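Work through these exercises with the model open beside you. Try each task before reading its solution.

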Amino acid sequence: MEEVLEALAPQPGQIVVDGTLGAGGHTGRIADLVAPDGFVLAFDRDPAAIARAEKNLAGKCVQLAHNNYSELLVTLGEIEVERVNSAMLDLGLSSDQLADRERGFSFASTGPLDLRFNPDEGESAAELLQRMPEKALADLIYLYGEERASRRIARQIVARRREQPLKTATDLADLIRRCFPKQRHDRIDPATRTFQALRIAVNDELGSLEKALKEYPQCLVAGGKLAIISFHSLEDRLVKTAFRDDPRWEPITRKPITASETELEANPRSRSAKLRVAMRTEVDL
Ligand SMILES: C[S@@+](CC[C@H](N)C(=O)[O-])C[C@H]1O[C@@H](n2cnc3c(N)ncnc32)[C@H](O)[C@@H]1O
């Protein structure tokens with residue numbers, strides 16, 4: 001949070017985009033800095049995040065958009081704003097989503113294995129697991145989950161679904177754990193990587209990021225900054241490459257900023273976070 005605020009340096013009167021509202025931590029802080037004449041345009045695909053923010057951020061200089069952050073250009077047209085001063089994306093899932101036992105994000109979820117940020121859009125993880133051919137499933141788990149046991153897991157999923165569909169997160173987590181020898185003492189649960197892969201797939205997370213990296217230059221003023229916190233090496237690679245190769249971006253961070261010791265202690269989930277910042281140049285394509 002502090003590094004993002006330092007990079008964007010929001011000023012009174014500015015319009016700032018928070019593409020990933022979540023629990024509204026960043027949005028709330030930025031809204032205070034741009035008040036009273038500026039505002040934060042905050043996106044989230046998750047209707048629950050929007051509903052919570054309507055309550056928690058009531059009275060703040062915030063405009064909420066229940067939409068994909070990759071739709072910024074269209075949204076700006078709708079609200080008749082030409083360009084914004086800066087933007088941020090804090091990718092992945094929120095603590096609220098992880099804590100919600102009904103949506104499949106946590107392994108302890110006994111609700112449906114859904115994993116969609118917006119449960120009204122696209123197909124759920126349970127549906128994807130039911131229809132995808134074994135090879136494609138293994139590739140997906142390997143690529144997005146960086147899971148070396150992807151083939152073994154895909155084989156077990158296909159064998160299981162012939163008998164009975166996998167319906168809940170606990171169904172899937174138990175199946176994955178059985179694919180690993182018992183004595184393994186991993187720091188993280190062996191199901192983590194497969195859940196991450198499925199979440200990235202059902203939400204087309206890399207597709208949204210790629211579109212935003214291409215379109216945000218048309219939405220930012222020259223000199224405006226874009227800060228992106230990513231949690232996955234494929235995401236970080238997309239950000240790094242776009243900031244380096246697209247002349248409309250000038251990278252500000254040569255190396256990604258990672259969480260400080262203090263932040264790691266307070267928030268262990270920040271261990272894989274990488275922050276990169278770029279400035280919108282004067283170049284137009
Ligand atoms: C890591 S959380 C953000 C936390 C937030 N910065 C805070 O301070 O609480 C990520 C949020 O982004 C949302 N999200 C992920 N991908 C999205 C997308 N493509 N468009 C809009 N929202 C997205 C998720 O639903 C989730 O609520």
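**Exercise 1. Find the residue just after α10 that has a positive phi, and describe its setting.**

Step 1. Go to the end of α10; the residue just after it, Asp-204, has a positive phi of about 45°. Helices here are DSSP runs of H or I with at least four residues, strands are runs of E with at least two, and both are numbered from the N terminus.

Step 2. Asp-204 sits in the loop between α10 (192–202) and α11 (205–215).

Step 3. Asp-204 has a relative accessible area of 48%, so it is partly exposed. The classes are buried (under 20% relative accessible area), exposed (over 50%) and partly exposed (in between), with a 1.4 Å probe and protein chains only.

Before going on, note the ground rules. This is a predicted model, in which local features need pLDDT of at least 70 and side-chain atom pairs count only at pLDDT 80 or more, while totals for chains, interfaces and linings use all residues. Residues are numbered from 1 along each chain as its sequence is written, and side-chain values use heavy atoms, leaving out hydrogens and water.

**Exercise 2. Decide whether α10 is largely enclosed or open, and name what covers it.**

Step 1. Count the buried positions. Eight of the eleven residues of α10 are buried, so the rest of the structure largely encloses this helix.

Step 2. List them. The buried residues are Arg-193, Thr-194, Phe-195, Ala-197, Leu-198, Arg-199, Ile-200 and Val-202.

Step 3. Zoom in on Phe-195. Beyond its neighbours within four places in sequence, Phe-195 is in contact (heavy atoms within 4.5 Å) with residues including Phe-105, Phe-107, Leu-113, Leu-172 and Ile-176.

**Exercise 3. Describe the largest nonpolar core.**

Step 1. A nonpolar core is a set of buried Ala, Val, Leu, Ile, Met, Phe, Trp, Tyr and Cys residues joined through side-chain atoms within 4.5 Å.

Step 2. Size it. The largest such core has 31 residues, and Leu-113, Ile-157, Leu-172 and Phe-195 have the most contacts inside it.

Step 3. Assign it to elements. Two or more residues each come from α6 (125–131), α7 (134–145), α8 (150–163), α9 (169–177) and α10. The largest share, five residues, is from α9.

Step 4. Look for another core. One of 27 residues lies apart from it, with Ala-87, Leu-89, Cys-219 and Ala-242 among its members.

Step 5. In soluble globular proteins, nonpolar side chains tend to be buried together.

**Exercise 4. Which side chain makes a polar contact with Asp-46, and is Asp-46 buried or exposed?**

Step 1. Locate Asp-46 in the loop between β2 and α3 (47–56).

Step 2. Its relative accessible area is 3%, so Asp-46 is buried.

Step 3. A polar contact of 2.9 Å joins the Asp-46 and Gln-97 side chains. Such a contact is a pair of N or O atoms within 3.5 Å; within protein, one must be able to donate a hydrogen and the other to accept it, and residues adjacent in sequence count only if both atoms are side-chain atoms.

Step 4. Setting aside neighbours within four places in sequence, Asp-46 also contacts His-66, Arg-103 and Phe-117, among others.

**Exercise 5. Where is the cis peptide bond?**

Step 1. The bond from Ala-35 to Pro-36 is cis, with omega near 0°.

Step 2. Pro-36 lies in the loop between α2 (25–34) and β2 (39–43).
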